[in-house]
Amino acid sequence: MATARLDYVAPWWTYWLHNFPHFNFFFQSIDNTFKPEEASYQQSLIFLASVGAVGLGLSMLVLAVFLVCLCCCRKDIDEEAKRPNTCCLTWSAAITGLIICSAVGVGFYGNSETNDGVYQLTYSLSNANHTLGGINNLVAGTLGNVQTGLKQHLERLDEIFAAKSEFLNSLRFMQMMVNNVIHEMMALPDINKANVNLAAIADQTALVEYYRWLTYLLLLILDLVICLAMCLGMAKQSRWLLITIMAFVVLSMILSWASLGAGTATAVGTSDFCVSPDKYIVNQTKDFLTADVAHYYLFCSPNLPNPFQQSLTICQRSLTTMQIQIQGLLQITVPIFPTAERDLLGIQRLLNSTEFSLHQLTALLDCRGLHKDYLDALIGVCYDGVEGLLYLSLFSLLAGCALSAMLCAIFRVWTLMGSRDKEYDDIDEEDPFNPQARRMSYNPRRSNIHSFCSYTSSLGSQASIQPPLPSASNASPPEYMNQSMLFGGSPRYENAPLIGRGSPPPSYSPSMRTTYLSMTDAQIRHFGTDFQA
């Protein structure tokens with residue numbers, strides 16, 4: 001069988017991360033050996049996690065400088081320009097959105113890879129825990145059969161064979177074999193502590209991984225929603241939508257930089273373990289496992305002897321010897337002592353079950369099963385897990401930078417919206433081409449203009465009518481009436497003339513024009529100065 005060093009080789013990215021500088025809070029370089037229980041090593045990981053805080057601070061500084069420049073160096077929009085040049089802003093927003101979408105894709109891949117690696121770790125720990133639990137059950141069952149069952153039968157046989165010394169010598173020899181089995185079983189390492197630790201580690205790791213995966217998933221979805229909302233807000237130029245987007249962008253930016261720090265510290269710490277995992281495991285198991293047993297399972301080399309082989313061999317030989325003794329006693333003593341048959345057959349059954357359990361124990365104690373779980377756990381953590389953390393760190397970095405640029409773009413859109421509102425506020429209300437002024441001109445409180453056709457009504461309506469000077473009846477129609485045919489081939493008619501209101505000349509219906517041109521001098525004198533040009 002190949003050695004563990006040939007099966008597992010730490011990937012290059014773990015060595016790259018392992019060589020990251022490790023500093024404590026006093027900026028002193030420390031050893032990068034994986035020692036999570038030491039305070040100095042914990043400080044080095046916290047120091048690496050502070051890279052997220054540094055990135056967040058730089059982003060805030062860039063935003064502050066941009067806002068200062070935007071407030072101090074902003075130029076007034078040209079009065080003749082209807083719309084400011086937003087080409088650069090549009091491209092910046094588009095590139096920022098593409099970067100965030102690409103970062104989200106990288107984040108989804110990294111989140112999936114990390115989850116796969118951690119799942120493989122927990123699965124391997126569960127298998128190893130099942131194996132160790134089976135070993136504990138077999139050892140406990142064997143000791144129970146030997147210590148209680150065999151001893152009870154031997155004590156009763158000792159009373160039955162009290163008169164026969166040769167039979168008692170056989171019983172004494174069998175008792176010695178039972179003691180040998182008990183001694184060798186007690187010599188096996190107590191792995192109850194390892195069993196408890198593995199189960200606890202597997203459960204805690206699965207719980208932490210679930211919340212980590214869910215947190216990253218929500219962060220990725222939030223970034224996508226922010227991109228879509230930004231496009232909608234810039235298209236509709238809605239102030240409340242932009243305010244909401246800015247709030248979520250700031251939240252997502254803080255989470256992105258925080259995840260960058262946490263991901264970097266976790267990746268470096270895991271890489272420190274992956275570079276030399278055997279040394280750490282030997283140190284952690286030295287209280288209940290000897291060095292030769294730990295190396296046997298960690299390396300599983302054919303050159304390494306099985307530390308349990310001698311004990312298992314002694315147990316097997318002892319059981320075989322007792323089987324031979326029981327067969328002889330059954331043939332010799334049963335005709336003389338019929339009552340001894342029950343105890344002899346009971347001992348035989350216990351020996352058979354104990355021998356079967358011993359074969360199972362031998363298979364479980366072999367290094368190949370636990371060593372395979374160990375390799376699967378290392379590959380899951382050091383390959384998929386650390387690789388996924390690197391992708392998540394890249395996502396956090398890209399998202400943090402892109403979200404900062406998005407905030408700058410949103411602030412610029414906000415200023416352009418303010419300039420547009422100011423431009424509309426500066427429009428003269430008396431401008432005849434201002435739509436708002438035209439609407440106000442129709443206010444009956446501000447105007448006393450009535451239809452020309454109602455000149456026979458009250459005098460209040462006559463004061464506002466100022467007809468043009470009389471002209472020949474065969475004069476050509478005004479030019480603006482001819483131009484009115486350009487709109488769909490039909491003239492635009494109005495019910496009331498707009499003479500004297502500073503508006504463009506209106507177009508009249510043929511009946512109104514005929515009535516106006518057919519007025520006599522007497523009618524003009526009747527209305528007085530109402531129709532004077």
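User: Why is Leu 394 called partly exposed?

Analyst: The relative accessible area of Leu 394 is 37%. Buried means under 20% relative accessible area, exposed over 50%, and partly exposed in between (1.4 Å probe, protein chains only). The value of 37% lies between these cut-offs, so Leu 394 is partly exposed. This is a predicted model, in which local features need pLDDT of at least 70, side-chain atom pairs count only at pLDDT 80 or more, and totals for chains, interfaces and linings use all residues. Residues are numbered from 1 along each chain as its sequence is written, and side-chain values use heavy atoms, with hydrogens and water left out.

User: Where does Leu 394 lie?

Analyst: Leu 394 lies in helix 13. Helices (H or I, at least four residues) and strands (E, at least two) are DSSP runs, numbered from the N terminus. The protein chain has 17 helices and zero strands.

User: Which residues of helix 10 are buried?

Analyst: In helix 10 (residues 291–299), Val 293, Ala 294, Tyr 296, Tyr 297 and Leu 298 are buried. Cys 300 follows helix 10 and has a positive phi, near 50°. Of the 533 residues in the protein chain, 38% are buried.

User: What share of the contacts in the protein chain between residues at least 6 apart in sequence joins residues at least 24 apart?

Analyst: The share is 80% of the contacts between residues at least 6 apart in sequence. Contact means heavy atoms within 4.5 Å.
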